Amino acid sequence: MYGKWKNSWFINVRKDVLSGMTVALALIPEAIAFSILAGVDPMVGLYASFIIALVISFTGGRMGMISAATGAMASLMGPLVAKYGIEYLFAASILTGIIQYLMGVLKFGKFITFIPHSVVVGFVNALAIIIFMAQLPSFAGAHWQMYAMVAGTLVIIYGLPRITKAVPSALVAIIVMTIVSINLHLDVHTVGDMGEITQTLPFFHVPNFHLSLQAIAVILPISLALAVVGITESLMTATIVDEMTETKSDKNKEVRGQGIANMFSGFFGGMAGCAMIGQTVINVKSGGRSRLSTFVSGVFLLFLIMVLGNVVKQIPMGALVGVMFMVSMGTFDWNSLRTLTKIPRSDALVMVITVAIVVATSNLAIGVLSGVTLSALIFGWKSAKIKAHTSIEANGAKTYRISGQLFFGTMTYFIDLFDYRNDPETIAIDFSNSHVWDHSAVTAIAKTIAKYEQLNKKVICIGLNEESKGLVEHVR
């Protein structure tokens with residue numbers, strides 16, 4: 001047990017601690033912005049980010065992944081808060097956690113395997129574009145100092161690793177730019193301009209929520225939507241990190257862990273959250289690999305709020321914008337542009353449509369669902385092709401050799417393959433190059449046989465594999 005604990009936490013201590021600190025600094029403006037988006041006090045998002053990161057470091061199934069308050073979740077909360085108040089938000093967050101935990105128990109994590117690679121790439125590229133676009137409002141009305149701050153941040157981020165990789169370059173960039181801004185009294189926007197940060201600890205709080213069928217009917221649709229969006233983003237992020245680090249993760253454990261974290265968040269004055277691709281990329285690129293990096297990001301976030309609140313307020317937004325520009329450029333799959341004309345057109349179409357929908361709606365779940373649906377339709381269209389090669393045997397019987405898949409999409413085509421009236425007395429249907437998938441296919445076979453029998457002709461089915469034979473015999 002100790003060995004497993006050690007391997008999960010203390011395999012990469014120095015880099016994990018430093019990367020976690022870097023992530024904590026980047027979490028602050030994001031959490032404040034998402035709180036404003038949800039229509040709640042900035043501390044609600046900050047508490048949620050602290051609690052979720054802390055809890056998920058113990059309960060999650062993907063080491064090194066950062067979970068906190070997110071924009072996709074916050075955008076769903078605004079109408080609920082506006083109409084019913086923040087206590088309903090806390091209750092909805094708890095219910096979201098319960099739903100997600102049950103999804104994990106029911107092994108919903110396996111559904112991530114149904115998401116095609118083209119959708120994953122589209123998701124990643126759309127997210128990179130959204131992260132980039134989200135930084136642009138920071139330039140509204142900004143002076144040249146803002147542009148210089150961003151440029152200086154990027155120079156440090158990309159230049160420092162050429163000299164040393166002992167510390168995360170993003171962390172150094174934020175510290176250096178903050179010192180420069182304070183000492184030179186630069187006229188730039190800071191974290192403190194985004195919202196009030198109070199130096200108070202989160203406390204256990206049972207939502208002031210009258211439990212009734214009517215109240216449940218109010219929060220249940222929101223909680224279901226939050227649960228689906230949350231696990232979609234979290235599983236997609238976990239898959240991306242799996243590829244980046246060439247490691248595997250337990251997707252069902254991650255879903256359960258997200259549920260537990262959101263329940264804690266709701267009971268401690270926070271809102272529901274999920275995995276954050278941007279902060280996760282910062283963590284991974286800064287060297288974070290174990291649960292310790294996620295744990296440190298949460299603990300250091302609270303430390304920044306409680307102890308260094310006055311310093312945090314003076315962090316220039318230009319430094320954080322520069323870091324997020326790095327995240328955007330590092331997240332985008334540039335190779336997908338080079339191979340766009342080389343991959344199948346259908347995959348390219350799915351990728352582009354996924355990107356377009358996600359960017360247009362700013363809803364990652366809708367984009368992913370649309371991409372998966374389109375991929376399924378394209379696959380069904382390609383699969384709905386069935387052919388028959390005929391030959392006359394020495395005994396006068398006619399053989400139909402079926403090629404293609406037999407399922408609901410090919411049922412009608414299958415029935416139309418045969419020349420019922422002009423065929424000889426004996427017909428053989430060879431399924432050696434086919435497979436029977438569902439009840440619709442069995443029904444099509446039965447209808448074909450019935451049509452021949454009405455003409456007093458004999459039909460022999462041959463070449464059925466064991467699975468197809470079992471399905472045909474069971475249904476018939």
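Me: By class, what kinds of residue form the lining of the largest pocket?

Reply: The lining has 23 nonpolar, 9 polar and 2 charged residues. Here Ala, Val, Leu, Ile, Met, Phe, Trp, Tyr, Cys and Pro count as nonpolar, Asp, Glu, Lys and Arg as charged, and the others, Gly among them, as polar. This is a predicted model, in which local features need pLDDT of at least 70 and side-chain atom pairs count only at pLDDT 80 or more, while totals for chains, interfaces and linings use all residues. Residues are numbered from 1 along each chain as its sequence is written, and side-chain values use heavy atoms, with hydrogens and water left out.

Me: What volume does the largest pocket have, and which residues are the closest to its centre?

Reply: In general, rolling a probe the size of a water molecule over the atoms shows where empty space is left. A pocket is an open set of points, on a 1 Å grid over the protein atoms alone, with protein on both sides within 12 Å along at least five of seven lines; its lining residues have an atom within 4 Å of a point. In this model the largest pocket has a volume of about 910 Å³ (the space filled by probe spheres set on the points, which are joined across faces, edges and corners). It is lined by 34 residues, of which E30, F34, I130, A134 and Q135 are the closest to its centre. Two or more lining residues come from each of α2, α4 (71-84), α6 (117-135), α11 (277-285) and α14 (317-331); such helices are DSSP runs (H or I, at least four residues), numbered from the N terminus.

Me: What does the second largest pocket look like by volume and by class?

Reply: Its volume is about 460 Å³. Of its 17 lining residues, F111, I115, V228, T232 and L369 lie closest to the centre. The helices α9 (213-245) and α17 (364-383) each supply at least two residues of this lining. The lining counts 15 nonpolar, 2 polar and no charged residues.

Me: How many cavities of 30 Å³ or more does the structure hold?

Reply: A cavity is a set of grid points where a 1.4 Å probe fits but cannot get out. The structure holds 1 of 30 Å³ or more, and about 60 Å³ of space lies in the largest cavity. I56, S57, G60, R62, M63, G64, M65, S67, E254, R291 and T294 line the largest cavity. Here α3 (42-59) and α12 are the elements that give two or more residues to the lining. By class, this lining has 3 nonpolar, 5 polar and 3 charged residues.
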